[in-house]
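Work through the exercises below with the structure open beside the text. Each task is followed by a solution in steps.

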Amino acid sequence: MKKSLLILLSITLTLLLFSCATGKEAPRAEIGGEITLIGTTPGLGVEVVIPFDSSTEKVITEEPEPTVIEKEVIIEEIKEETPEVSKPEETPETPSPLEETVAPEVKEEEKTVEPDETKEEIEVIEEVKEETTPQVVEFSPVDTSDIISAFNYAYGLKTMDDIKSENISLNAKYFARAVIDASKGAVPELIATREIQTTIDKFVLEYYYEGKTFLPGERPENITELLSLEKPSNLEESFSYAYTFSITRELIDGEVDIMAEPFILGALDSLLNSERLFDKTEEEKAINAYITYLNEQYLKEIEEKGETNSDRAKVFLDKNALRDEITVLDNGIQIEILDEDETLGDHPTQYDTVLVDYNMYVMDYDTEDLEIIDADYYAELRLMEIDTALQSSIVALRVGQAGRAWIPPEMLYEDRNIDGIEPNSIIVYDIALHDIL
């Protein structure tokens, strides 16, 4: 639940994971406490059909060789039978009748096809360019009127201020890329997971202990630039990515609502000493507003869970009471005898001191399994000094008996939320009554 991160937010974020590398224990959240991202076009083939008369071929091949005059007559006949075409411009050599028929058509078709083909290829290339050219994704402006967005910007400022106060340098671009990657999942993209701690350790030895720093470099212009970054090429880039990825995952795993862009913009304004959207007072106000929001969400969640569990408890207890093995006491506690000696003793009274051993469980409504939350063996109990639910359960047994008691929610924790126990949970005791002292 969100409750578990409130302490994490209330402490100063000083070397959240960097302390692991230096041998210091990293602060972790505890429960409770005050809440302070065409194929190539084939070339067009040209099919040229040459008009040809088979009868003409027969005349030419079967007639005896004509005189010069006869040849001229045949040539004239061929010209009359051949479709008229426009003659090309005169060239130094006069083409044969066959060439006059073929050449112009080929040239004409080439003139009409080539431009269209080239145009289609150009259009396809333009389409490919449009599809492959990445769209530039800009940083979204910080919505300071939104509680979570404003918190992320302010917390980015605070986080980087704390890091700088410890004399730790970060590369601006690899810092920002690490936040993006960490917000997408638990596996880093630019460094192997096994290299994260090794990289931090190496930086501690070569930079931190030596008091060495480096410049953060240029501010990233947009998200697209960050996503196109190559793997780190040196220790400064590697550390910036590894350390930031670790911090961001720690926050996310602690259920802090990290929004990558406003968090990055706040941290970059601190890292690069840029003009800030918030002064210190506004920064603190944005963080406190988020903590208040978490408190409200937490209480709302507990209330809803309590109402649901109350209904589920009634359904279970009504069903369980129908079993033959169950005895229902006047206060609603349900008792089942699990084992007993051949010879039994008396029932104790509420004024007696008894020797018992018992286990305390909380029941899972989904599976009806029991999860142990407390155990005490051979406990000497003064029944007047213990809670009514356990007292009534013990009094219902005789010496030598072992039983199980289902406690209705209203008799024990009711709608209170306790660590490990949801509101309106059914508590179950397993009790063995050994003796009355």
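At 23% relative accessibility, Arg-404 falls in the partly exposed class, because that class lies between buried, under 20% relative accessible area, and exposed, over 50% (1.4 Å probe, protein chains only). The model is predicted: local features need pLDDT of at least 70, side-chain atom pairs count only at pLDDT 80 or more, and totals for chains, interfaces and linings use all residues. Residues are numbered from 1 along each chain as its sequence is written, and side-chain values use heavy atoms, with hydrogens and water left out.

**Exercise 1. Find the salt-bridge partner of Arg-404 and state where both residues lie.**

Step 1. Apply the rule: a salt bridge is a side-chain nitrogen of Lys or Arg within 4 Å of a carboxyl oxygen of Asp or Glu. The side chain of Arg-404 meets that of Asp-430, at 2.7 Å from N to O.

Step 2. Arg-404 is in strand β5 (residues 401-407) and Asp-430 in strand β6 (residues 427-436), so the pair links parts of the chain 26 residues apart. Helices (H or I, at least four residues) and strands (E, at least two) are DSSP runs, numbered from the N terminus.

Step 3. Classify the partner. Asp-430 counts as buried, with 15% relative accessibility.

**Exercise 2. Which parts of the chain does the salt bridge between Asp-161 and Arg-276 tie together?**

Step 1. Check the distance. The closest N and O atoms of Asp-161 and Arg-276 are 2.9 Å apart.

Step 2. Place the residues. Asp-161 lies in helix α6 (residues 147-165) and Arg-276 in the loop between α11 (260-271) and α12, so the bridge ties together parts 115 residues apart in sequence.

Step 3. Classify them. Asp-161 is buried at 16% relative accessible area, whereas Arg-276 is partly exposed at 30%.

Step 4. Look for further links. Asp-161, Arg-276, Lys-280 and Glu-283 are joined in a network of salt bridges. The count for the model comes to 18 salt bridges.

**Exercise 3. Is Arg-177 buried or exposed, and which residue does its side chain meet in a salt bridge?**

Step 1. Arg-177 has a relative accessible area of 4%, so this residue is buried.

Step 2. The side chain of Arg-177 forms a salt bridge with that of Glu-189 (3.0 Å, N to O). Arg-177 belongs to helix α7 (residues 172-184), and Glu-189 to the loop between α7 and α8 (195-208), twelve residues away.

Step 3. Glu-189 is partly exposed, with a relative accessible area of 41%.

**Exercise 4. Describe how strand β2 pairs with β1 and with β5.**

Step 1. Two strands pair if DSSP finds at least two bridges between them. β1 (residues 326-328) and β2 (residues 334-340) pair in the antiparallel sense over three bridges, with Val-328 opposite Gln-334 in β2.

Step 2. Inspect the connection. β1 and β2 form a hairpin with five residues between them, and Gly-332 in the turn has a positive phi of about 100°.

Step 3. Turn to the other partner. β2 and β5 pair in the antiparallel sense over six bridges; the bridge partner of Ile-335 in β5 is Ala-405.

**Exercise 5. Summarise the chain as a whole.**

Step 1. The chain has 13 helices and six strands.

Step 2. Of its 437 residues, 38% count as buried.
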